[in-house]
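Student: I have a structure open and want to learn how to read it. Where do we begin?

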Amino acid sequence: MFEDSLIESGGRLKTARGRTTFFSFILEAIIVGILILIPLMFTEALPKAMTMTFLAAPPPPPPPPPPPAAVVHVRQVETDIVNNQLRTPTKIPQKVQIIKEDEAPPPTAGFGIPGGVPGGVPSGVMNSIISSTPVAVPKIAVQRVRVSSGVTAGLLIRKVEPTYPQMAKIARVQGAVVLAALIGKDGTIQNLHVVSTASPLLNQAALDAVKQWKYKPYILNGEPVEVDTNVTVNFTLSGG
C-alpha cells in the first residue's frame with residue numbers, strides 16, 4: 001500500500017510540476033514583453049539626448065580639398081625706360097629706324113604778311129582793309145508779281161472788243177467772264193484761262209479777244225517783270 005501511495009503521489013507531483021513550469025514561463029514572457037513595450041509607448045521618459053541621437057541625420061561628409069592653384073609664368077619684358085628715364089641699352093638693336101620730322105614753315109616777320117611788324121595785331125591791317133572796301137548789296141531778282149486788275153487797266157495800250165457769239169444772242173445770254181492772265185515782260189498775254197463765267201457760250205469769245213490785248217511792261221526795281229492779274233470781259237445785249 002505504501003508503494004502504491006508513492007507511485008500515485010509521484011504521478012500527481014509530476015503533473016503539478018509541469019503545470020507550474022508552464023504557467024511560470026508564460027508569466028515571465030508577459031513581464032518581459034511589458035518591460036519592452038513600456039519604453040516604446042512612453043517615449044517622454046527617455047533622455048532627450050538619446051532620442052536626438054536616433055532622430056538626427058548624420059553630418060555631411062567634409063568638402064574635398066581645393067585644387068592646386070595654377071602657376072602663371074610672367075615674362076618680364078625688357079625696356080629701355082626705368083623710372084620714367086631712358087637708360088643705356090644693354091644690346092645693339094638689329095634694325096635702326098630713322099625718324100623724319102616735318103619741315104617747319106618759313107618764319108614771317110608779321111601776321112602772315114612778308115615784311116610785316118613782328119607781333120602785329122591780326123585785326124589791324126585786315127580790319128582796316130575790310131572796313132574801307134564798300135560792300136555791294138545784292139539785288140533780289142524778282143521774276144513775277146501779283147497786280148490787281150485796276151493797276152493793269154492803266155497799263156493797257158491796245159484793247160480788242162470781243163465778238164458777241166450768235167448762239168448767246170439767240171439764247172439771250174449776257175454777263176461777265178473773268179479770266180486769269182499772265183502778262184509777259186514785253187506786255188503781251190502769255191497765258192490765259194477762265195476763272196468764272198456767266199455762260200460757257202461766252203468763254204471762247206472772251207479768250208479770243210483778250211489774247212490780242214497789249215500792255216506796257218511792268219517795271220520793278222528798274223527791271224521789267226511778269227505780272228499775274230485778272231481780266232474781266234462784260235457781254236451786254238443791246239436793248240436788253
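Tutor: With burial. A residue is buried under 20% relative accessible area, exposed over 50%, and partly exposed in between. Keep in mind that this is a predicted model.

Student: Let me try that on I30. Is I30 buried, partly exposed or exposed?

Tutor: Its relative accessible area is 46%, so I30 is partly exposed. You will find I30 in helix α1, residues 2-41.

Student: Which surface patch does I30 belong to?

Tutor: A nonpolar one. F22, F23, F25, I26, I30, I34 and I38 form the patch. Together they have about 710 Å² of accessible area. Now the general idea for a helix. An α-helix has 3.6 residues a turn, so residues three or four places apart point the same way. Keep that in mind when you look at the patch.

Student: And F23, is that buried or exposed?

Tutor: Exposed. The relative accessible area of F23 is 57%.

Student: Now a helix of another kind of setting. Why is helix α6 described as largely enclosed?

Tutor: Count its buried residues. In α6, residues 203-210, six of the eight are buried, so the rest of the structure largely encloses this helix. The six are N203, A205, A206, L207, A209 and V210.

Student: Which strands do they pack against?

Tutor: The buried residues of α6 pack against β5 (175-183), β6 (189-197) and β9 (223-235). Take N203 as a case. N203 sits in α6. Its relative accessible area is 17%, so N203 is buried. Beyond neighbours within four places in sequence, N203 touches V177, V194 and T197.

Student: How should I read a strand?

Tutor: Start with the side chains. In a regular strand they alternate between the two faces of the sheet. Then look for partners.

Student: Which way does β5 run against β9, parallel or antiparallel?

Tutor: Antiparallel, with nine bridges joining β5 to β9. One place to look is L182, whose bridge partner in β9 is D228.

Student: And strand β3, parallel or antiparallel to β9?

Tutor: Parallel. Strand β3, residues 144-146, pairs with β9 over three bridges. R144 stands opposite E226 in β9.

Student: What do β8 and β9 form?

Tutor: A hairpin, with two residues between the strands. In the turn, N221 has a positive phi of about 55°. Strand β8, residues 218-220, pairs with β9 in the antiparallel sense over three bridges. Y218 has V225 as its bridge partner in β9.

Student: Next, charges. How many salt bridges are there?

Tutor: First the idea. Side chains of opposite charge can pair when their charged atoms come close. The count here is two salt bridges. In one, E226 pairs with R144, and the closest N and O atoms are 3.3 Å apart. That pair links distant parts of the chain: E226 is in β9 and R144 in β3, 82 residues apart.

Student: What does R144 do with D228?

Tutor: Their side chains meet in a salt bridge, at 3.9 Å from N to O. This pair also links distant parts of the chain, with R144 in β3 and D228 in β9, 84 residues apart. As for cover, R144 has 45% relative accessibility, so R144 counts as partly exposed.

Student: Last, the rings. How many aromatic pairs are there?

Tutor: A pair of rings is described by the distance of the centres and the angle of the planes. There are two aromatic pairs. F22 and F23 are edge-to-face, 5.9 Å centre to centre, with 65° between the planes. Y164 and F235 are edge-to-face too, at 5.5 Å and 85°.

Student: Where do Y164 and F235 lie in the chain?

Tutor: Y164 is in the loop between β4 (156-158) and α5 (166-170), and F235 is in strand β9. They are 71 residues apart, so this pair links distant parts of the chain. Both Y164 and F235 are buried.

Notes: Residues are numbered from 1 along each chain as its sequence is written. This is a predicted model: local features need pLDDT of at least 70, side-chain atom pairs count only at pLDDT 80 or more; totals for chains, interfaces and linings use all residues. Side-chain values use heavy atoms; hydrogens and water are left out. Buried means under 20% relative accessible area, exposed over 50%, partly exposed in between (1.4 Å probe, protein chains only). Helices (H or I, at least four residues) and strands (E, at least two) are DSSP runs, numbered from the N terminus. Contact means heavy atoms within 4.5 Å. Patches are made of residues with over 30% relative accessible area and no salt bridge: like charges are joined within 9 Å, nonpolar side chains (Val, Leu, Ile, Met, Phe, Trp, Tyr) within 5 Å. Accessible areas come from the Shrake-Rupley method with a 1.4 Å probe; for residues, only the protein chains shown count as cover. A salt bridge is a side-chain nitrogen of Lys or Arg within 4 Å of a carboxyl oxygen of Asp or Glu. Two strands pair if DSSP finds at least two bridges between them. Rings of Phe, Tyr and Trp (its six-membered ring) pair if their centres lie within 6.5 Å; planes under 30 degrees apart count as stacked, over 60 as edge-to-face and the rest as tilted.
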